[in-house]
Amino acid sequence: MAETAVKKQNKFRVRISKRAEIGTKNAVILRAVSIVAAIVAGGLFILAIGYNPFSVYGTIVKGAFSTQMAFQATVKVMIPLLISSLGVTLAFKMKFWNIGAEGQIIVGAIFASYWALFHSELPHYLLITIMFVSGIIGGGLYGLIPAFFKAKFGTNETLFTLVLNYIALNVIVWLRDGAWADPESGGFPKIARFVPNAQLDKVFGIQVGWIIGIILTVLVFIYLKYTKHGYEISVVSESHATARYAGMNPKKIMLRTMFLSGAVCGIAGMVQATGSDMTLATSVAGGVGFTAIIVAWLAQLEPIAILIVSFLFSVLEKGSSVMQSTFGLSTYCADVLQGIILFFVLAGEFFVRYKFVLSGKEREN
Amino acid sequence: MDMFINFLVAAVLAGTPLLFGTVGEIIDQKAGHLNLGVEGMMAIGACAGFMAGYRFDSLALAIAAAFLSGAAAALIYALLTVTFMADQNVTGLTLTIFGCGLSNFIGEYNITRSATGNLKLPENITSQLRSIHIPVLSDIPVVGKLLFSYNIFIYLGVAIAVIVFIYLSKTKTGLNLRTIGENPAAADAVGIHVVRSKYINLLIGGGICGIGGAYCSMIICGGVWMSDSVNGMGWISVALVIFAAWSPLKAIGGSLVFGAFSVLKYYMPKSIITLPNAFYDMLPFIITALILVITSIKKNKGRMQPASCGINYFREER
């Protein structure tokens with residue numbers, strides 16, 4: 001029995017082996033290759049459905065940049081994606097799998113919207129500040145729940161944060177159909193539009209969220225790289241035991257980091273509701289919390305890279321909206337292309353870390 | 001009483017897509033893979049099943065197409081996570097985005113090219129999808145309606161759940177799979193072919209999810225193609241795996257309970273208690289969260305996720 005197993009395994013001519021340090025330059029080249037391969041594969045998909053890949057890709061880029069309004073719309077798509085990607089990065093750095101950005105965005109938006117709906121008579125900047133802080137508190141507390149149970153009982157955070165998303169989504173529906181329903185909507189379920197006093201200001205024609213996003217990028221970069229907290233996060237991610245030995249309190253660090261992670265996502269919710277939607281819609285998160293996880297991961301949890309990746313994603317998203325009018329292709333095309341690109345990059349990552357080795361060569365044991 | 005029976009029947013109908021998704025995900029997790037792509041695999045199955053039925057006017061082909069396309073979607077996942085050892089969470093999420101996008105895309109693509117501006121399943125199939133009348137059995141009062149008044153998918157779902165249960169707990173291959181999920185290195189050491197087993201089981205799991213998707217597009221939407229027909233069922237299925245404690249048999253009861261929650265709002269007599277609809281929609285998730293917390297407090301061995309779930313297996317790091 002054992003002998004046949006050995007025989008079978010020897011038949012395999014190729015095996016996988018870990019690479020030695022590959023070097024930043026080679027890693028960048030490998031990633032570039034996988035992105036090019038992805039774009040080619042996406043092109044093949046476009047070709048397969050009977051369109052010219054060059055003109056479709058051209059339309060996407062044009063759709064995202066051609067006019068000032070198009071570019072503003074692209075940035076508008078980018079704002080919540082960038083901010084929530086930064087949020088989940090904090091948790092991921094600690095190897096805490098926060099799949100709950102979606103829910104944290106929503107709760108941040110709910111907390112902020114309370115002030116916009118019921119205290120809109122406050123002076124503008126005071127009101128905006130209160131809403132901003134409320135967004136932080138809302139998202140932060142919602143992030144704290146799974147962290148608390150993980151720290152206390154070891155509850156699986158991937159599944160817990162996932163479930164919390166749907167609870168949060170239904171809280172909006174609850175508010176929309178009940179206490180916060182717009183009396184003037186004529187029975188149509190929605191929450192009232194925020195009065196101008198409760199809307200975010202615009203800078204260069206785009207809501208101020210883009211400045212908040214850039215500031216947060218810098219802050220998260222500094223926080224992770226140059227502060228004691230950032231260092232503690234990296235130690236905890238490696239080993240709780242090591243952290244304890246070094247006199248750190250891993251549970252405290254976990255709670256603090258998850259509060260911050262949720263808080264940043266909460267800001268994304270506040271900014272989306274008050275700056276773009278001008279109301280609290282059930283689509284306030286709209287899948288951004290999930291896409292953010294992919295963006296953060298693609299960017300290797302590096303804040304500056306997140307800025308770039310989230311911008312590219314937004315170009316694809318916004319540019320694809322033009323495809324409907326130009327080619328009669330639905331905007332879902334963007335999701336398909338996103339998926340294909342990601343699959344290739346995911347596979348490409350393998351070659352950064354591992355290599356295929358012909359067996360028989362280094363096989364001693 | 002009639003109301004109550006109607007409620008139970010509606011719960012079964014609403015819970016069935018969840019049963020497929022949950023059983024599929026249980027197999028995946030038993031293989032050590034937390035696959036967050038259930039929603040995407042179901043969406044792809046929904047599209048393939050519907051389109052096959054639409055084109056070829058055959059229910060058997062539709063179900064086969066749903067299974068195969070779900071398995072094909074799972075193949076992408078398996079290739080990336082088993083062979084290329086990519087992060088399971090990210091791969092699963094990507095599969096969901098890709099699968100939902102592709103499904104909706106193909107749907108819209110066919111709609112714009114159809115003469116009528118919508119896609120409707122041929123009458124032959126819709127009639128086959130109505131509840132099957134079993135002579136004698138279906139005519140028994142109460143019991144007949146409760147147990148023998150359903151469409152083919154429901155019996156198929158229960159049969160698959162029972163077969164998977166037997167497979168996982170009584171057969172050698174199934175026990176081997178569970179070993180892989182708990183400790184792949186140990187499984188490898190005793191001569192179990194870890195990689196091959198993971199591939200086969202992930203594909204089967206994906207195929208089962210695909211059939212669940214076909215239920216959404218072909219039955220829930222009444223035979224007319226609609227975008228996003230899966231509509232979060234895949235995510236609920238992932239949550240339901242926890243509720244069902246990784247057992248396909250408990251998944252049958254679990255999907256019935258979750259199905260009941262989702263239709264409860266239509267059947268709860270308003271005179272007794274009035275709660276907002278959102279509360280009913282939230283209930284399954286609140287209960288899942290509670291179960292997660294309670295099982296982690298109790299550290300109940302029988303109700304835990306397979307130990308290697310989420311971690312890719314790399315032979316050289318044994």
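Residues are numbered from 1 along each chain as its sequence is written, while chains are lettered from A and ligands numbered from 1 in the order in which they are written. Because the model is predicted, local features need pLDDT of at least 70 and side-chain atom pairs count only at pLDDT 80 or more, whereas totals for chains, interfaces and linings use all residues; side-chain values use heavy atoms, with hydrogens and water left out.

Chain A contains 15 helices and four strands. Helices (H or I, at least four residues) and strands (E, at least two) are DSSP runs, numbered from the N terminus. The C-alpha trace of chain A spans about 80 × 60 × 40 Å along its principal axes. Of its 365 residues, 52% count as buried. Here buried means under 20% relative accessible area, exposed means over 50%, and partly exposed lies in between (1.4 Å probe, protein chains only).

In chain A, helix α5 covers residues 101-118. The expected span of a helix is 1.5 Å times one less than its number of residues. For the 18 residues of α5(A) this gives 26 Å, and the end C-alpha atoms are 26 Å apart, which agrees. Because 13 of its 18 residues are buried, α5(A) is largely enclosed by the rest of the structure.

Two helix contacts were examined in chain B. Two packed helices are described by the angle between their axes and the distance between the axes. Axes are lines fitted to C-alpha atoms, for helices over the stretch in contact, and angles run from 0 to 180 degrees between N-to-C directions. Helix α1 (residues 2-30) of chain B and helix α12 (residues 248-267) of chain B have axes that come within 6 Å and cross at roughly 135°. The helices α1(B) and α12(B) are therefore oblique to each other. Angles under 35 degrees count as roughly parallel, over 145 as roughly antiparallel, 65 to 115 as roughly perpendicular and the rest as oblique. The residues of the contact of α1(B) with α12(B) comprise 21 nonpolar, six polar and no charged. In this scheme Ala, Val, Leu, Ile, Met, Phe, Trp, Tyr, Cys and Pro count as nonpolar, Asp, Glu, Lys and Arg as charged, and the others, Gly among them, as polar.

The axes of helix α2 (residues 38-56) of chain B and α10(B) come within 6 Å and cross at roughly 60°. That angle makes α2(B) oblique to α10(B). Helix α10 of chain B also holds B:Ile200, which is partly exposed at 45% relative accessibility. The C-alpha atoms of B:Ile200 and B:Ala31 are separated by 9.8 Å, although these residues are 169 residues apart along the chain.

The loop between α10 (194-220) and α11 (233-243) of chain B includes B:Asn231. This residue has a positive phi of about 45° although it is not a glycine, and B:Asn231 is exposed, with a relative accessible area of 62%. Helix α11(B) is mostly covered, with eleven of its eleven residues buried; among them are B:Trp235 and B:Phe243. Just after α11(B), B:Ala245 takes a positive phi of about 50°. In the loop between α11 and α12 of chain B lies B:Trp246, which has a positive phi of about 60° although it is not a glycine. B:Trp246 counts as buried, at 6% relative accessibility.
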